[in-house]
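I opened this model to look at how its chains meet. My notes follow in the order in which I looked things up.

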Protein chains: 2
Amino acid sequence: MPATIVDIKKKTGLSLATISKYLNGGNVLPENKVKIEAAIKELHYEVNEIARGLVTNKTRTVGILVFSIESPFTGMILHHVGAALRKSGYGMLIVDSCDDEAIEAKNVKYLISKKVDGIIVLPVASKGDFLAPAKNAGIPIVLIDRSLSDIQYDCVRIDNRKSTYHAMKELISRNHKKIAIIASEREYTGRERYNGFMEAMRDAGLDVPVEYQVRATHSIATGYNGMKKLMTLKDRPTGVFMSNYEITLGAMLAMNEAGFKCPDDVSLLGFDDQLFFHLLQPQIYMVEQPMKAMGERAVELLLGRISGVVVEDPVEIALGTRLQKGNSIRTL
Amino acid sequence: MPATIVDIKKKTGLSLATISKYLNGGNVLPENKVKIEAAIKELHYEVNEIARGLVTNKTRTVGILVFSIESPFTGMILHHVGAALRKSGYGMLIVDSCDDEAIEAKNVKYLISKKVDGIIVLPVASKGDFLAPAKNAGIPIVLIDRSLSDIQYDCVRIDNRKSTYHAMKELISRNHKKIAIIASEREYTGRERYNGFMEAMRDAGLDVPVEYQVRATHSIATGYNGMKKLMTLKDRPTGVFMSNYEITLGAMLAMNEAGFKCPDDVSLLGFDDQLFFHLLQPQIYMVEQPMKAMGERAVELLLGRISGVVVEDPVEIALGTRLQKGNSIRTL
DNA sequence: TATACTGCGCGAAACGTTTCGTTCATTGTA
DNA sequence: TACAATGAACGAAACGTTTCGCGCAGTATA
């Protein structure tokens, strides 16, 4: 039903080759250009991307493989990745791994069958085996946020360990000695932040008793339950580091509910700034991730690989973070 | 590089037509079936969906047009819609309208150019004009959550007005007279819930002074600022209805921060249950939307339209809600 | 035994592009 | 004036499928 290049040919008397050349930005005589443009307008012609894809072997679509599409973090990354891709004319075919490695592995194969030009991954698994089929098919891959242990892939993330180490100075320099951590345990980021925390404490000569270390899932429940537990200890910590957005949110609700005040009763340091935290009083010290930059750099890198401009070995890009200062930390 | 149907032909000596028939579930002699299957395994053959799409004029991909990909509500819907689609072999090409009607209109055209088989929309706009190009192109469309005023499209949603009206009985029957509302104003759902609220109050013979009506955006900030404001009134409301998840979250933080207790100082009734609310003490009365059912019904309907099984006029499916009971409402 | 039907297989065309190698006209150079 | 170089257009093949209509067995019907 919709007009094809053949209709343009009939209308203008030009050959398919010439029209195709015009469509792809090649040089065409001014008079022919006019003819073609008129015909396109008249017939409401639009390129059939499917047909084009068949011969160019490109779909102008990238696959996005996310550990969970329900996570607010995922939502923010998708927002920026999506914008950057659209600007370059690419679309996003998104698949949800539902925090399940088996589904994740299946999804990779699905994306291959869809002939995506590249894949951006927020992985569930810690090892890269599941990406092998895509790698073998020659599809460029870029990871965001979470690095993989065994195989080398491009990755755009922050330096979780250093960011945490650095942020911890805010608590330590204000003479806090009893500092607890609530962190996720399963993913790369949670583990790295835990390591940064422990390093900072060790370097400051501070001990972290095991009951000050709450390590569980990446969830509001973890923050809520963790803080509840910490607040009932006979020897309560004076400061708490929370390793991500969900945990921070849950911990704050628990703290409020338990009747403690920040920073009077407990000083807080969180991770993953979100707009709404700015509304709160007191304002929480927060490690702020450059979400926009991460999304954009990842897209830039991926498109570079797709076009063949970037050919060097896989790179690991660690972007800097910003510490959003607040008044949630009391000087002891 | 990857094997094609022609390679299978060479290997088996059968014709393209026969092999294609096998691939699409047609009847083939048992001996040929064996041959083909062996060849497929040996050559690691997989159908090229692009080539198939060119001739069938189907992409097995549906476009998902969301008002904002950052919203948790969107995330949950995408989760269920995605699962249902994948089960039927369909993929999701997601585009983000960034709460901007102009972008939304462009995105529709983009999805058309990508030849999606259908479109699922969580709209920004209140009128349906922007969908006209897709409708004209014969692409089936199903709305989720938000209905459109002018043109008729299939829509799967809840009955916002009734749900709110019914839930309000919890406050009213417990003798609350001074009840405030914090609601979003711009979208369909917020307006309908406002209407349901006002109806319930009117039917109960209760007045709602203008300072008890906070109407702003669909955001945590609205809830936070709204509750802050309500709590500083000299004549404070005894009950507050909050029209969605973000507003409920913001309002609770503000209430905690202002030092008020629920239900002692203020009784709360919210909308959009999320798992983590179950953790809270007190547990909030919440209108719970059937997210999974909404996603699944929408997909079912869309695939029905795509396959031509469903041909009747556009339908508006209003699913029932559940009131999640809690202990956030005090009897006066 | 002649006829009609059924079940499978086949060749060829079609889907709407891009691209390769060639031709043709024009311009510039000797 | 002859010849090379340049620029633009062209025809045809290719991309990997599906599908249409026909042919050919083998089986059932009269």
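How much area do chain A and chain B bury between them? I read about 4,200 Å², with 63% of it on carbon and sulfur atoms; buried area is the accessible area (1.4 Å probe) that two parts lose on being put together, summed over both.

I noted the conventions: this is a predicted model, where local features need pLDDT of at least 70, side-chain atom pairs count only at pLDDT 80 or more, and totals for chains, interfaces and linings use all residues. Residues are numbered from 1 along each chain as its sequence is written, chains are lettered from A and ligands numbered from 1 in written order, and side-chain values use heavy atoms, with hydrogens and water left out.

I looked up the contact (heavy atoms within 4.5 Å) and found 43 residues from chain A and 43 residues from chain B.

I checked for salt bridges (a side-chain nitrogen of Lys or Arg within 4 Å of a carboxyl oxygen of Asp or Glu), and the rule finds 0 across the interface of chain A and chain B.

I turned to the strands (DSSP runs of E, at least two residues, numbered from the N terminus). E2(A) and strand E2 (residues 91–96) of chain B run antiparallel and are joined by 2 bridges; strands pair if DSSP finds at least two bridges between them. A:Leu93 stands opposite B:Leu93 in E2(B).

Note on methods
Helix = DSSP H or I, 4+ residues; strand = E, 2+ residues; numbered from the N terminus.
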